[in-house]
Amino acid sequence: MRNLRFKKEDFQFIKEKYPDLYSKLKNPYEDADIINIPMKNDSDYEYYYDMVGDYIAESLDETGELNENGLRLESAWDYADWTGN
């Protein structure tokens with residue numbers, strides 16, 4: 001099972017703007033300015049997928065659109081979940 005991979009600056013953004021989410025990202029380690037979150041199985045992945053999706057869905061402005069933080073979190077997740085190198 002592959003890891004989730006966050007850019008270092010995106011991981012710092014999550015720490016600052018979404019501290020509850022940050023505290024739930026288990027066993028992070030850095031490798032070449034990429035923060036890895038290890039996945040043991042599909043259940044681990046589904047847990048993070050659902051959780052991050054909930055945080056994105058809650059990041060709306062008064063018109064119901066994603067706010068700036070929500071867009072950044074969505075972008076960070078898209079990178080973390082990408083299977084390429």
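Helices (H or I, at least four residues) and strands (E, at least two) are DSSP runs, numbered from the N terminus. This is a predicted model, where local features need pLDDT of at least 70 and side-chain atom pairs count only at pLDDT 80 or more, while totals for chains, interfaces and linings use all residues. Residues are numbered from 1 along each chain as its sequence is written, and side-chain values use heavy atoms, leaving out hydrogens and water.

Start by selecting Asn41, which sits in the loop between strand S3 (34-37) and H3. Asn41 is partly exposed because its relative accessibility is 35% (buried is under 20% relative accessible area, exposed over 50%, partly exposed in between, with a 1.4 Å probe and protein chains only). A polar atom of the Asn41 side chain lies 2.9 Å from the backbone nitrogen of Asp44.

Next, pick Glu46, which you'll find in helix H3 (residues 42-57). Is Glu46 buried, partly exposed or exposed? With a relative accessible area of 40%, Glu46 is partly exposed.

Last stop: Asp10, in helix H1 (residues 8-17). Asp10 counts as buried because its relative accessibility is 8%. Show Arg72 too: the side chains of Asp10 and Arg72 make a polar contact at 3.2 Å (a pair of N or O atoms within 3.5 Å; within protein, one must be able to donate a hydrogen and the other to accept it, and residues adjacent in sequence count only if both atoms are side-chain atoms).
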